[in-house]
Amino acid sequence: MHSPRVLVAVDLGKSRCRAVSSGPRGTGDHGAHRRPVYDGIGAPGLAAADGVAAALAAILPLRERLDGSISAVSVGAAGAWAAPEAAFELARGLAEAFQAPVAVTSDVVSAHAGALDGGAGVLLIAGTGAAALGVDGEIATLVDGWGPELGDFGSGSWFGREALRAVLRASVGLAPTTALTDAVAPTIGATAAIPAWLSTGGPLPRRLATLAPLVLDAAESGDAVSAEIVAEGTRLLVASAVAASSSSRDVALHGGLTEHVWFRSVLDQALRAAGHAVAVSAGDALDGALLLGERTDLPHERFVHRAE
């Protein structure tokens, strides 16, 4: 008896590499046969030095987890938007390794396809970083996703950075006192320990993002300083969503910040006030990768690099 042929979808981020497999699916069967097959370490991104080699090293271990023959591999990889040549090189390397057709695109593109079920609209991502991708027919616009030094406005790392700035300024009388001083203390210690905390440990954006829920909780509880930070972060996120499309009014939301119930409500209200409708996400980046692995007629196709 032959093992079933499966489509393998990969979501390659900077911290995690996740993969699922799926057999043939019918209309309206979005994601129903998805089966987790791998959860490992990510890669720095295809735009980084030796990005392709790192991506291959992150993805290839999943071969040991597959018990059937592979019909195709579809990958959404961090950095692919900024490094299309590297994306195509990764597609060729994976096609040789798996002996199957391979599609590689940006993780933002696969997330958009999953959230909007392959259709038009805007995906606003508010996680450790932040970005908005609008796809309308022949026009696609990516706003932000520029990294913590130049962008990621309204992201978790942005909220964490603004929280520490507020605490430091309050400590010397340059800004009002804030509940954030006590809120960050269990994680960081006294205010004087902030510089040392910033210079030690893992990647700074990820560590800063761990402080974002503290800002959201403090704002929900009535802390004026936190409320100002949340208001500005919301404004920045909505501005990115609006700039991503001049025609579509549907906005799907992804990212850890959008899982905070109170902040999700604040963001929903702000988007509606800007004339946009918040769409229910049909799926995630892995669902999008599966969709792009099955179909070549979607508006995302121009951003997909294929090899056999």
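1. Serine 155 is found in the loop between S8 and H4. Helices (H or I, at least four residues) and strands (E, at least two) are DSSP runs, numbered from the N terminus. This is a predicted model, in which local features need pLDDT of at least 70, side-chain atom pairs count only at pLDDT 80 or more, and totals for chains, interfaces and linings use all residues. Residues are numbered from 1 along each chain as its sequence is written, and side-chain values use heavy atoms, with hydrogens and water left out.

2. Is serine 155 buried or exposed? At 0% relative accessibility, serine 155 counts as buried. The cut-offs: buried is under 20% relative accessible area, exposed is over 50%, and partly exposed is in between (1.4 Å probe, protein chains only). The side chain of serine 155 has a polar atom 3.2 Å from the backbone oxygen of threonine 128. A polar atom of this side chain also lies 3.1 Å from the backbone nitrogen of tryptophan 158. A polar contact is a pair of N or O atoms within 3.5 Å; within protein, one must be able to donate a hydrogen and the other to accept it, and residues adjacent in sequence count only if both atoms are side-chain atoms.

3. Which residues does serine 155 touch, leaving out those up to four places away in sequence? They are Gly127, Thr128, Gly129, Ala130 and Leu257. Contact here means heavy atoms within 4.5 Å.

4. Aspartate 144 has a positive phi of about 65° although it is not a glycine. Aspartate 144 lies in strand S8 and is buried, at 2% relative accessibility. Aspartate 152 also has a positive phi, near 55°, and is not glycine either. Aspartate 152 sits in the loop between S8 and H4. Its relative accessibility is 9%, so aspartate 152 counts as buried.

5. Next, the salt bridges. The whole structure holds nine of them. The criterion is a side-chain nitrogen of Lys or Arg within 4 Å of a carboxyl oxygen of Asp or Glu. Arginine 34 pairs with aspartate 284, with 2.7 Å between the closest N and O atoms. Arginine 34 lies in the loop between strand S2 (16–22) and strand S3 (35–41), and aspartate 284 in the loop between strand S10 (277–279) and helix H11 (285–294), so the pair ties together parts that are 250 residues apart in sequence. Both partners are partly exposed: arginine 34 has a relative accessible area of 28%, and aspartate 284 has 23%. A network of salt bridges links Arg34, Asp284 and Asp287.

6. At the start of H11, one of its side-chain oxygens reaches to within 3.1 Å of the backbone nitrogen of leucine 286. H11 is mostly covered, with eight of its 10 residues buried. Among the buried residues are Asp287, Leu286 and Leu292.

7. Two further salt bridges can be listed. Arginine 295 meets aspartate 297 at 2.9 Å, N to O. Arginine 295 is partly exposed at 34%, while aspartate 297 is exposed at 54%. Glutamate 301 bridges to arginine 306, the closest N and O atoms being 2.7 Å apart. Arginine 306 is partly exposed, at 29% relative accessibility.

8. On a 1 Å grid over the protein atoms alone, a pocket is an open set of points where a 1.4 Å probe fits, with protein on both sides within 12 Å along at least five of seven lines; lining residues have an atom within 4 Å of a point. Grid points are joined across faces, edges and corners, and a volume is the space filled by probe spheres set on the points.

9. Which element gives the most to the lining of the largest pocket? H3 does, with three residues. Elements that each supply at least two residues include strand S1 (6–12), helix H3 (107–115) and strand S7 (130–136). The lining divides into 20 nonpolar, 14 polar and 10 charged residues.

10. The second largest pocket holds about 170 Å³ of space. Helix H4 (156–171) and helix H9 (224–243) each supply at least two residues of its lining. Among the lining residues are Glu162, Arg165, Arg169 and Glu228.

Notes:
Ala, Val, Leu, Ile, Met, Phe, Trp, Tyr, Cys and Pro count as nonpolar, Asp, Glu, Lys and Arg as charged, and the others, Gly among them, as polar.
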